[in-house]
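This report is written for a reader meeting the structure for the first time. It turns to the interface between the chains, and then to confidence and strand pairing.

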Amino acid sequence: MNEQNQPSAEVVPTGTSDADAVRLDQGHIHGEGGYPEAFENPGLPPHTPRLTDIDEAAAKRAERQIAGLFTLSIIGSILFLVGYFTFGVDARNWFPGVGVMSTTHLLLGAGLALGLLGIGLGVLHWSRTLMPGEEIVESRHHLASSDEQRAELADTFVKGVEGSQINRRPLIKYSLGGALGLVSLPILVQLVGSLGPLPKDDLYVSAWSGLPDENGKRTFSAPRLVLDPENRPIKASDVTIGSVFHVQPEGLLDLHDHVLEEKGKSSVIVMRLDPGDFADNDLGRKARDWGHDGIVAYSKICTHVGCPVGLYEQTTHHLLCPCHQSTFDVTQDCKVIFGPAKRPLPQLKITVDDEGYLIAAQPFMEPVGPSFWERD
Amino acid sequence: MSTTASTPRPADRLREADQPAPRQVDGLTAWIDDRTGAAPGIKYLMKKVFPDHWSFMIGEVALFSMLIALLTGVFLTFWFDPSMAHTVYNGSYVPLQGVEMSRAYASALDISFDIKGGLLIRQLHHWAALLFIVSLNVHMFRVFFTGAFRKPRELNWVLGTVLSLLAIVEGFAGYSLPDDLLSGTGLRAMQGFTITTPVIGSYLVYFIFGGTFPGTDIMPRLYSVHILLIPALLLGLAIAHVVLVMVHKHTQYPGPGKTEKNVVGYPVLPIYAAKQTGFFFTVFGILTLISTFFTINAIWVHGPYDPNATTAGAQPDWYMGFADGALRLLPGWLELDLGSFTLSLNVMLGALVLLPLVFIIQGAYPFLEAWVTGDKREHHLLDRPRNAPVRTGLGAAALTAYGILMFTTSNDIMAIKLHLSINDITRTYQVLIFVLPPLVFWAVKRICISLQRADREKVLHGRETSRLMQSAEGGFSELHEPLNEYDRWHYVSYEPTYPLLEGETGSDTPGVAGSGRKVSKARAAFSRFYFQDSINPVTPAELEAAHHDHETHEVIEASAEPREQIEAAEKH
């Protein structure tokens, strides 16, 4: 046991500096040789008055400074009002050090800032120079109540429970438990049940499977690939090697409602590679076969968390997602070669129609976008 | 009001009828007290003492910026329309005229361009929100590193933890509302990581978004969360937080005259109240200056949200950075293919597990530390961070991990600005997240211990005076001047600590360590981890020995080493 662990506030120093020194190689020796275990709190150091406490001229100066800051605040507020009523919302002017910017934004901002800072700094200066500068001591009491009071509280609870007889009457206890458990359900069911529809097959289909009719049914009709946002079909011959197009299925951009919802699943990126650039493996061959003459189409929705994969490096044939930097290799069927995504971007099988326009040969064969639990 | 005259004089009788001149304030206090009986309570509050220190101001910045965000937020609700209905923009911002967009985005543009002072309010709102979360975090660091979370303030620490979680959710909901390209991309990522929740993920997002992403329900829903649900919780919890501060009375830094049983500082009236008022206006003023001259969230730059469009360098507001950074670091192979199910740990761990985990660890820390130290006493005097080397090291390591995740959010911008490969940067961070925190822990702990040793040195040998003395033999030595008792108290006023030993029935100090309960092996091990390198304060005996016997310096320092050595020495 270590008596030297004890707090020592009550130990009064009995030794003087003339007492024999303690050899520390004898180990910790506290309370012997006349020394307390720890130093005593010397108490508050003597108060040093501020200049403004002893020199009336300094106090007067502080008073003027404070009043000056408050006056600045008044000027700021007036500046704000003048700015508000003098200039139109679209007025723009050149301001030194700032350049051309909205006149009202600058005048209102500067005026309000001055109005607030004048008061703020003035009051702070006041509190530091003229208000009483001596710290005072308030005593702190143990937070806990007395043992009796705590016991009384516990008794109150015990008596309350006894008075309700809930423990003596199990019929009430268990039926109430059941009722309370059940009554939360209606509220929860209303909320959760009415928030939104069930996903059903919505994650598996896109506008490439056809746009929904009145009954929400989609029928595949080999849609043309159209440019987004120009809404123009693309001739295979217009897609030169190295080019990259952002496309949607024909008809989507003519919709009035749910355009964003359909785009969120149907956005596709089209690139043309030299057919020889595809990797000489199963992945590369599949990518090329699902394309047309080196033109390939892939879902633009990242398989990580769904950002549009918007950056294409022509020389390496890599697609990069700007959100979390997943990198997909187009020559290997958009396999992930870097970053946090796991699955390749789904490929859209394409071909050309009689007039030479690119069309979808089949819808996406798997859900596009981020992974989810019930996805295969 | 002299009533102490011992011998009544005839003239006193005349004065008896004299009443002090009635003051207006008497009438006011009487009116209030008649209806509330609150006179003593209000008087107590007005005379309450608050200690003064610059670091106590950080929490006030958080409180004030929250209030400013609330105030400006109310203004914004008068013009903002949280609707996904289509509209064609015809406001005064020329580049977007004729563009199809949602009412939400169009009204946010109107606030920025067509409502006088609207941009100032919008900028103030965003800057105040950012400052709120920054200052809230820095306030939390102050509380952590000074040990202010110890008993009896654990509950308030938990309240603060909940506040900080709510604050970032509130921030996310807020910057998702304008429906510009960036905010839509943020929502898209949110939908993308929520859908990875095992089993219920797809149901969850269809409920949240009311169907296919993005749908038209999300904006009004986010809006009611952002302006009603979370602000009410934030305000209520913030009030509870401040009330608890008053109930506990504020902690104070150790120093001469300051004890566990007192509060040294300034009373509410007039000083503390004046300082708070002045400070509120100053914070408001500085935020206004920033909002005037520095644009945050220029929603007009990238146009309306389009699932097919994106910008390079997309990143969330800074406080969501650590979660986004984790998403960038987690490797793709963590997505597991479980037959007909998919478990996307690569997304889940960063987005759905990390956030709650951070806040659970944060909220639990005071209880963990109390268990390790076995300390059940109240603490109102703060620790200097150096006097709790292990806690300071742990905090620094946690901050390092957080910082790495946050910086990872900018890996693409770093790659561009520094002309480095983004792959190299990301891989470096993947290594650093494991290597750097332990290193920082070790380094910070050692630095703390060195500072403690320097403190001991200063107490034992006094401060260097820069005055040289030449001895009779011709040797030079520097004069050291002993510290006065006030300065010395600064360095010695902390409690010595020792590791609990296995099987021990706790320490003798009342309230410390399971009195009568045997210390378990695990607890003893943790206690050793915390305290085996403790450097304890100089005792009067040590100081005296240092004065008398300059050859024992080494011995003095050795005596501050672990308790085992001390006990070994005692046995001999």
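In this predicted model, the area buried between chain A and chain B is about 10400 Å², with carbon and sulfur atoms giving 64% of it; buried area here is the accessible area (1.4 Å probe) that two parts lose on being put together, summed over both. Of the area that chain A buries against chain B, 10% is supplied by A:Phe39, A:Arg140 and A:Trp373, more than by any other three residues. The contact, meaning heavy atoms within 4.5 Å, takes 110 residues from chain A and 137 residues from chain B.

Across this interface there are 39 residue pairs in polar contact, both residues being at pLDDT 80 or more; a polar contact is a pair of N or O atoms within 3.5 Å, where within protein one must be able to donate a hydrogen and the other to accept it, and residues adjacent in sequence count only if both atoms are side-chain atoms. On the side of chain A that touches chain B, helix 3 of chain A gives the largest share, 17 residues, helices (H or I, at least four residues) and strands (E, at least two) being DSSP runs numbered from the N terminus. By class, that side of chain A is made up as follows.

| Class | Residues on the side of chain A that touches chain B |
|---|---|
| nonpolar | 56 residues |
| polar | 34 residues |

Two strands pair if DSSP finds at least two bridges between them.

Within chain A, an open sheet of five strands has the order 4-5-6-7-12, with antiparallel pairing. Strand 4 (225-227) and strand 12 (347-348) of chain A stand at the edges with a single partner strand each, so one side of each is left without a neighbour in the sheet.

The mean pLDDT of chain A, the predictor's confidence in each residue from 0 to 100, is 89.

Residues are numbered from 1 along each chain as its sequence is written, and chains are lettered from A and ligands numbered from 1 in the order in which they are written. Local features need pLDDT of at least 70, side-chain atom pairs count only at pLDDT 80 or more, and totals for chains, interfaces and linings use all residues, while side-chain values use heavy atoms, with hydrogens and water left out.

Terms used: Nonpolar A, V, L, I, M, F, W, Y, C, P; charged D, E, K, R; others polar.
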